[in-house]
Amino acid sequence: MGRLFSVPYSMKIDTSSYMGLLSEYPDIHSVYMGLPILHNHLSLQHGRDVTNKRVYDFLEKSKGLYKRIVVYNSISYNTHDSEVFDFFDKEVNPLIEKYKIDGFVITSLPLAIKLRQDFPSIELHSSCNCFQWNTRQMDLWRELAGVNVFNPPREAAKTPSMLKEMAKEGFKLKVLVNEACVYGCPYTINHACSVAERTNNFIQCMSGDYANALRTNLFLPEWMDTIDDYVYCYKLAGREAPYDFLKNILDAYILQKPMTYIDEFATYGGGSVLTKLSNRGVRIKVSDIPEKTRYCEAKECNKTCFICSNAMSKINSTWNG
């Protein structure tokens, strides 16, 4: 079996164009998306897909063609579980039935248990926002809610020991590869909580060090063969991608089409040093990324290893301020 990919539905692309794009790629495991009535990590963060109803057109026209997975992955809901359950009973469950929705990405174990009870055949995925760092937690989700697929933390692709351990225990892993958050970001929990609670926190994505632009979770397409044995399905980020950018992402990872710059297929936020560098006209080439970052887990940075610092000094002469 070849590589499988879970690809993002983008609300910025009309249904006909989007489905035409998908038809070019044979290895799509599933399409994941938000719903206008469900706040999720992306909609809470950006507030852009809450009122967009275009997704319902796609859900209607894609029945039986693709596995459609709805994302409900905020780290918390700031409400009682009973209220969430009631909302699903009245508003969401009818949509599951109407559009024959195939599955959900979930951060709430109680909700996952409820969905499994209400829809025994539904496919359930844990979210990378569950921050499941050990197999015991994953095993409990599988035991209590029958979770089918697990999204390990964003650092997973670049942490081979994690992938090996989780795969050895029989978990089907959906691994995110093209999101360029800093590896081991110290703001991860704070960021997820501030998104869920809609508060402003003082988050410095790259911790003031431009060299961290090379120490991200971005896993290059040409590296995928080194983790294929542990990955059930690759996840590609890009739920707000316009047509051309989404096509680049799919081409880079599914078709292995060479790209020159990482910003042609990597996703990252406005607070990223990658964004700041881009605003200066500085773009990072794929060839700029040190191969060692594929597996080093950033354990020796600026102690015994200066590969990224030296590389960034060549990319941008003002990287250290």
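The count of disulfides, meaning pairs of cysteine sulfur atoms within 2.5 Å, comes to 0 here. This is a predicted model in which local features need pLDDT of at least 70 and side-chain atom pairs count only at pLDDT 80 or more, while totals for chains, interfaces and linings use all residues. Residues are numbered from 1 along each chain as its sequence is written, and side-chain values use heavy atoms, with hydrogens and water left out.

**Cysteines**

- The closest cysteine sulfur to that of Cys 181 belongs to Cys 185 and lies 6.9 Å away, which is too far for a bond.
- Cys 296 is likewise in no disulfide, the nearest cysteine sulfur being that of Cys 301 at 5.9 Å.
- Cys 181 is partly exposed at a relative accessible area of 33%, and Cys 296 is partly exposed at 23%, where buried means under 20%, exposed over 50% and partly exposed in between (1.4 Å probe, protein chains only).

**Helices α4 and α5**

- Helix α4 (residues 81–99) and helix α5 (residues 109–118) have axes that come within 11 Å and cross at roughly 40°, an arrangement that makes α4 oblique to α5 (under 35 degrees is roughly parallel, over 145 roughly antiparallel, 65 to 115 roughly perpendicular and the rest oblique).
- The contact, defined by heavy atoms within 4.5 Å, involves residues of α4 including Phe 85, Phe 88 and Ile 96, and residues of α5 including Leu 111, Lys 114 and Leu 115.
- Sorted by class, this contact of α4 with α5 has 7 nonpolar, 1 polar and 4 charged residues, with Ala, Val, Leu, Ile, Met, Phe, Trp, Tyr, Cys and Pro counted as nonpolar, Asp, Glu, Lys and Arg as charged, and the others, Gly among them, as polar.

How values were computed:
Axes are lines fitted to C-alpha atoms, for helices over the stretch in contact, and angles run from 0 to 180 degrees between N-to-C directions. Helices (H or I, at least four residues) and strands (E, at least two) are DSSP runs, numbered from the N terminus.
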